[in-house]
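Work through these exercises with the model open beside you. Try each task before you read its solution.

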Amino acid sequence: MVVERFAVAASTLTQGAVQTSLAGPMDEDAEVWAALVLGTRDYVRKNGFSSVVLGLSGGIDSALVATIANDALGADAVHVIGMPSRHSSDHSVADAEELARRQGLHWSLLPIEPMVEAYDKSFGESETGGLHGLAAENLQARVRGTALMALSNEVGHLVLTTGNKSELATGFSTLYGDSAGGFAPIKDVPKTLVWQLARWRNSLAVHRGEPEPIPTTIIDKPPSAELAPEQLDSDRLPDYEVLDAILIGYVEQDLGRDELITLGH
């Protein structure tokens with residue numbers, strides 16, 4: 001019988017054929033990191049891809065995604081593209097290149113300004129008279145998304161998107177822009193946890209005697225999409241410490257408006 005055969009096999013294991021031990025508990029950050037790395041590796045490999053590509057802006061979200069991808073797939077499989085526009089700061093491009101250098105990722109620069117200007121010229125000659133405000137901001141993100149998907153089609157990379165849970169839950173992203181891609185490694189990671197994981201991964205590297213994979217300038221800078229002059233996320237969203245607490249209550253704990261207000265939000 002099957003049960004008897006299983007009993008014999010189990011008895012064999014207990015006779016010393018296989019020695020087992022319980023793994024010690026991981027701390028919370030280590031456990032989350034391991035899950036993100038495993039999820040990324042599984043999705044990429046099981047869907048038949050051998051490499052990934054993502055836009056590396058010099059911001060914390062893309063920095064974390066690139067580092068997760070490196071741990072999951074190895075540096076040789078990770079391609080990162082800097083795509084500065086007229087509003088991208090010099091230090092953001094330098095920070096992105098420095099991260100790629102530290103981790104040994106494939107780095108290339110693809111300025112999008114000529115493509116944005118071509119759109120501007122076409123729309124300037126249309127009845128709209130050009131693109132303004134939010135339309136002009138989102139155009140830059142959509143040009144980047146189009147460029148990444150073109151590279152995916154041409155070379156065969158899987159495009160990783162870099163949106164975090166706080167952005168996605170509030171719609172703080174661009175359709176067909178930074179939301180375009182095949183897999184979003186940090187889609188369920190709130191922004192405050194993004195910073196926490198970046199610091200944890202750096203501390204792990206220091207503990208191992210390795211260079212910090214994420215430049216501290218990326219972690220410490222105020223978050224910005226850099227789609228308009230002097231733009232900050234805080235111009236349109238609450239501070240992430242406030243926002244994430246609300247989202248955890250609303251999304252994860254199913255709390256309603258009155259309950260959130262009672263909690264002090």
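A residue counts as buried when its relative accessible area is under 20%, as exposed when that area is over 50%, and as partly exposed in between. Keep these cut-offs at hand. The model is predicted.

**Exercise 1. Sort the partners of a salt bridge**

Task: Find the salt bridge between Glu-113 and Arg-86. Is Glu-113 buried or exposed?

Solution: 
- Step 1. Locate the contact. The closest N and O atoms of Glu-113 and Arg-86 are 2.7 Å apart.
- Step 2. Check the cut-off. A salt bridge needs a side-chain nitrogen of Lys or Arg within 4 Å of a carboxyl oxygen of Asp or Glu.
- Step 3. Glu-113 belongs to helix 5 (residues 113-124), and Arg-86 to the loop between strand 2 and helix 4, so the bridge ties together parts that are 27 residues apart in sequence.
- Step 4. Sort Glu-113. Its relative accessibility is 16%, so Glu-113 counts as buried.
- Step 5. Sort Arg-86. Its relative accessible area is 47%, so Arg-86 is partly exposed.
- Step 6. Widen the view. Arg-86, Glu-113 and Asp-120 are linked in a network of salt bridges.

**Exercise 2. Two further salt bridges**

Task: The structure holds 13 salt bridges. Describe the one between Lys-165 and Asp-188, then the one between Glu-125 and Lys-121.

Solution: 
- Step 1. Start with Lys-165 and Asp-188. Their side chains meet at 2.9 Å, N to O.
- Step 2. Sort them. Lys-165 has a relative accessible area of 14%, so it is buried. Asp-188 has 51%, so it is exposed.
- Step 3. Turn to Glu-125 and Lys-121. Their closest N and O atoms are 2.9 Å apart. Glu-125 is exposed, and Lys-121 is exposed as well.

**Exercise 3. Classify aromatic pairs**

Task: How many aromatic pairs does a search of the whole structure find? Classify the pair of Trp-33 and Trp-200 and the pair of Tyr-43 and Phe-183.

Solution: 
- Step 1. Count. The search finds 3 aromatic pairs.
- Step 2. Take Trp-33 and Trp-200. Their ring centres are 5.9 Å apart and their planes stand at 45 degrees, so this pair is tilted.
- Step 3. Trace the chain. Trp-33 is in helix 2 and Trp-200 in helix 8, 167 residues apart. Both Trp-33 and Trp-200 are buried.
- Step 4. Take Tyr-43 and Phe-183. Their ring centres are 4.5 Å apart and their planes are at 15 degrees, so this pair is stacked.
- Step 5. Trace again. Tyr-43 is in helix 2 and Phe-183 in the loop between helix 7 and helix 8, 140 residues apart.
- Step 6. Sort them. Tyr-43 is partly exposed, because its relative accessibility is 32%. Phe-183 is buried, because its relative accessible area is 13%.

**Exercise 4. Follow helix 10 to its end**

Task: Which residues of helix 10 are buried, and what happens just after helix 10?

Solution: 
- Step 1. List the buried residues. They are Tyr-240, Leu-243, Asp-244, Leu-247 and Gly-249.
- Step 2. Find the cover. It includes helix 7, helix 8 and helix 11.
- Step 3. Just after helix 10, Asp-254 takes a positive phi of about 60 degrees, although it is not a glycine.

Methods:
Residues numbered from 1 in each chain as written. Predicted model: local features only at pLDDT ≥ 70, side-chain atom pairs only at ≥ 80, totals over all residues. Heavy atoms only, no water. Buried < 20%, exposed > 50% of the residue type's maximum accessible area, 1.4 Å probe, protein only. Helix = DSSP H or I, 4+ residues; strand = E, 2+ residues; numbered from the N terminus. Contact = heavy atoms within 4.5 Å. Phe/Tyr/Trp six-rings, centres within 6.5 Å; stacked < 30°, edge-to-face > 60°.
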